[in-house]
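The sequence and structure come first, followed by the notes.

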Protein chains: 2
Amino acid sequence: MRTALLPPSGASTTVPLGTFRTEAGVDVPEAALRLFAWYDGPTAPHERPVLLVEHALTGDGDAADWWGDVLGPGRAIDTTRYLVLCANVLGGCHGSTGPSSPHPDGGYWGSRFPGISIRDMVSAEHRLLTGVLGVERVRAVIGASMGGARTLEWSLMHPEVVETALPVAVSARASAWQIGIQSSQIRFIEADPCWQGGDYHGTGRSPRHGLGQARRIAHLTYRGELELDERFSTDPQPGEDPYGPYRSRDQRFAVESYLDRQAEKLEERFDAGSYVTLTDALNRHDVGRGRGGMNAALGASQVPTTVVGVDTDILYPYHQQEHLSRNLGDFIGLSRITSPTGHDGFLTEGRQMDMVLRRHLGKAEIIAAR
Amino acid sequence: MRTALLPPSGASTTVPLGTFRTEAGVDVPEAALRLFAWYDGPTAPHERPVLLVEHALTGDGDAADWWGDVLGPGRAIDTTRYLVLCANVLGGCHGSTGPSSPHPDGGYWGSRFPGISIRDMVSAEHRLLTGVLGVERVRAVIGASMGGARTLEWSLMHPEVVETALPVAVSARASAWQIGIQSSQIRFIEADPCWQGGDYHGTGRSPRHGLGQARRIAHLTYRGELELDERFSTDPQPGEDPYGPYRSRDQRFAVESYLDRQAEKLEERFDAGSYVTLTDALNRHDVGRGRGGMNAALGASQVPTTVVGVDTDILYPYHQQEHLSRNLGDFIGLSRITSPTGHDGFLTEGRQMDMVLRRHLGKAEIIAAR
């Protein structure tokens, strides 16, 4: 392993990949991924087992930030024991090449950025890990949601690298409902006049409004109705009266105000073009494409895999994880996170995720020792 | 009963109510409701028990059209046996007074139309039935979704009129998730430049686009993911390729095209102002408001009630109907519709609804004979 290329532990570096060709045949010259690495303590990074963490749609490579409950020194994803890697996804907006990146020919990628698949994301990461860093084996690929989709594709595309896999809150392919709600979000962004056909970067106008609309809906697919109701019920926002004689958008329920904040926060930190690109990649997710169908593809999997789901997830309902567990070729077990929070349970239920991760990594150690 | 005021069986008539005052204190002069009635066969309408059917948000008074599986001669809601009434809701756009109606002072109601509650809808219907038609007793009030909310309020506001109630796929109050997704839909319509503050009627421009956006999302809350996946899976729309080198809105999945059609169909047949008004009323739905809280209100109910839910409903999850069943003061039973279709199961599962209705109306006959 070329450890000199690693960033300092807890930090990140941008790694050039050269020209990357997508599954559908478009060349992306000067592609790069931003890589985070953790390797606390005295052991040299190349003497540690590698864990690859895959982030979700609006996550990023700084997994210690969004998954601090389970990633760090002494945590389940123990940064004193493993070399933990997490790259910002291809198509994203936090340092990896995506629509908001400068184009080698000038300007920004914008609408010139191709449609990409989950497999494209994995191909770019594979080049990063094996081609650039010289990583030969990964003890476990671990990811939830869009990160879970990449985890599944890693195990199907590169079983020679992946020792074990832990996909969380994901399915073997997009469901029609997911495509419906995801494509609607794309429409909302496209309908914003500031979208400008996807070439708004550098124009001083960006489709924040459309992105905010998409986020409102997306957030309601990430958060369970039980948890939202615990927090907000039918409460009015303090100082406002949604029961007044005339409806007004200034007189809100507390949950409306909460969604306003969620929309604003994403508008601040995320690029609409990346949101569209990654959402489209989720629509294209299908492990069966070109592999003789979904169950044939899963059945051919050679990677020992633990599947995890959340009981109240409406975006990736638990029956989809049951489906994975019935069809994967080398299936370790199915873990059910119990939570009122829905899909985001993998983020909010730290204690349960900790147990699932420790159990899986314990088995992965035994598997690696065979 | 003033049967001369009834329309011919299977037809409708518009019934003036005079000035209607909303719960929040706004006067609506010259209010009217459009009423459908069915009374097939020789028995005079005033010699029949009355059934009041309550339609859902984008439904209308022509219940034989949207509920033909269960309403008609010899059907569970037997139009040869009962006098069946169904009024288009206050605030709607199919003949009852709403934002698209002419205002007595000129122009259209538009933004002058007040915010209304589910109770306001019921108050208007109560005036229609008891004040105008002289109906004294209703054998059963029956409704699903927004119609179920009116059914609950009928039983709490006018137990002296309602002999039994059959609310379907509804809850005692709006949940935070419902308010979240419903208020987002309102935002989408308001954000359409053609909305013009709600005063677009007669301008030649209407917020069709915003209404279509709202409908895409609403439809995905009405339809279960199992049913959508059965129909559309990851199929491309014939002749289109959503897996191509560049994402394009002309290259769709089949479910996208389906949602396009759903949006277009609603844009053709429904007024955006009514959609906003009725959606806002659903946000305001809370049987507990002013009655000492939700469970106190339900516990004080004096009307024998059968509650019905759909197992895969994500908009009004089944636990909400279980909650009603545990708290209603005079509870007959809880029926569970099994369906992949989700919320719309009350429309699609005709055989099951038929059974539920017949069983309830049988009990209602016994109750009426006491």
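In this predicted model, the side chains of His343(A) and Ser145(A) are joined by a polar contact of 2.7 Å (a pair of N or O atoms within 3.5 Å, where within protein one must be able to donate a hydrogen and the other to accept it, and residues adjacent in sequence count only if both atoms are side-chain atoms). Local features need pLDDT of at least 70 and side-chain atom pairs pLDDT 80 or more, while totals for chains, interfaces and linings use all residues. Residues are numbered from 1 along each chain, chains are lettered from A in the order written, and side-chain values use heavy atoms, without hydrogens and water.

**Annotated site**
- An unreviewed UniProt entry places the feature "active site" at Ser145(A), Asp313(A) and His343(A); such annotations may be inferred rather than shown by experiment.
- These residues spread over 199 residues of sequence but cluster in space, with a largest C-alpha distance of 10.8 Å.

**Surroundings of the pair**
- Ser145(A) lies in the loop between β7 (140-144) and α3 (146-157) of chain A (helices are DSSP runs of H or I with at least four residues, strands of E with at least two, numbered from the N terminus).
- Ser145(A) counts as buried because its relative accessibility is 8% (buried is under 20% relative accessible area, with a 1.4 Å probe and protein chains only).
- His343(A), in the loop between β10 (331-337) and α11 (345-348) of chain A, is buried at 1%.
- Leaving out residues up to four places away in sequence, His343(A) touches (heavy atoms within 4.5 Å) residues including Asp313(A), Thr221(A) and Tyr222(A).

**Helix α7**
- The buried residues of α7(A), among them Tyr258(A) and Leu259(A), pack against α5 (208-222), α6 (225-232) and α8 (272-284) of chain A together with α4 (176-191) of chain B.

Conventions:
Buried < 20%, exposed > 50% of the residue type's maximum accessible area, 1.4 Å probe, protein only.
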